[in-house]
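Please read it alongside the sequence and the coordinates.

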Amino acid sequence: VLVRNDGAGEARNLTITSAQPKIVENEKGLLVDFAIVATEVAGQNLSPSLTATFGSIAPGGSAVGRWLLTSSLQG
């Protein structure tokens with residue numbers, strides 16, 4: 001996820017909480033499980049969590065966060 005502060009003031013204590021992945025179509029009915037391997041904010045590894053903590057973002061600033069997952073099935 002890319003977050004950008006378009007405001008005139010500093011964005012403080014910014015966090016984003018993602019939902020658990022959800023399968024919306026499964027034609028073959030295969031069972032699949034997901035596990036969070038890591039959460040990263042600005043390239044820094046954080047503990048695996050659905051919440052990414054960005055902290056403060058200066059006016060006009062931006063930050064990148066990502067969640068790394070594994071799946072019990074390929075594809």
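Helices, in the sense used here, are DSSP runs of H or I with at least four residues, and strands are DSSP runs of E with at least two, numbered from the N terminus. On that basis the secondary structure of this protein, which is a predicted model, comes to zero helices and six strands. Read along the sequence, the pattern is accordingly β-β-β-β-β-β.

**Overall dimensions**

The radius of gyration of the protein is 16 Å, whereas a compact globule of 75 residues would have a value near 11 Å. Taken along the principal axes, the box filled by the C-alpha atoms is roughly 50 × 25 × 15 Å. Of the 75 residues, 16% count as buried, and the protein exposes about 5,500 Å², with carbon and sulfur atoms supplying 51% of that area. Among contacts between residues at least 6 apart in sequence, 71% join residues at least 24 apart.

**The sheet**

Four strands form an open sheet in the order β1-β6-β3-β4, and their pairing is antiparallel. The edges of this sheet are β1 (2-4) and β4 (44-46), each of which pairs on one side only. From one strand to the next, the twist averages 25 degrees.

Two of the pairings can be set out in more detail.

Glu40 and Leu2 give a view of β3 and β1 respectively. Their relative accessible areas are listed below.

| Residue | Strand | Relative accessible area |
|---|---|---|
| Glu40 | β3 | 15% |
| Leu2 | β1 | 62% |

Is Glu40 buried or exposed? Glu40 counts as buried because its relative accessible area of 15% falls under the 20% cut-off for that class. The side chain of Glu40 makes a polar contact with the side chain of Arg66, at 2.8 Å. Leaving aside neighbours within four places in sequence, the residues in contact with Glu40 are Asn45, Val64, Gly65, Arg66 and Leu68.

Leu2, by comparison, is classed as exposed because its relative accessible area of 62% is over the 50% limit. Which residues does Leu2 touch, when those up to four places away in sequence are not counted? They are Ser62, Ala63 and Val64. The C-alpha atoms of Leu2 and Gly65 lie 6.5 Å apart in space, although these two residues are 63 residues apart in sequence.

Conventions:
Residues are numbered from 1 along each chain as its sequence is written. This is a predicted model: local features need pLDDT of at least 70, side-chain atom pairs count only at pLDDT 80 or more; totals for chains, interfaces and linings use all residues. Side-chain values use heavy atoms; hydrogens and water are left out. Two strands pair if DSSP finds at least two bridges between them. Axes are lines fitted to C-alpha atoms, for helices over the stretch in contact, and angles run from 0 to 180 degrees between N-to-C directions. The radius of gyration is taken over C-alpha atoms; the globule rule is 2.2 Å times the number of residues to the power 0.38. Buried means under 20% relative accessible area, exposed over 50%, partly exposed in between (1.4 Å probe, protein chains only). Contact means heavy atoms within 4.5 Å. Accessible areas come from the Shrake-Rupley method with a 1.4 Å probe; for residues, only the protein chains shown count as cover. A polar contact is a pair of N or O atoms within 3.5 Å; within protein, one must be able to donate a hydrogen and the other to accept it, and residues adjacent in sequence count only if both atoms are side-chain atoms.
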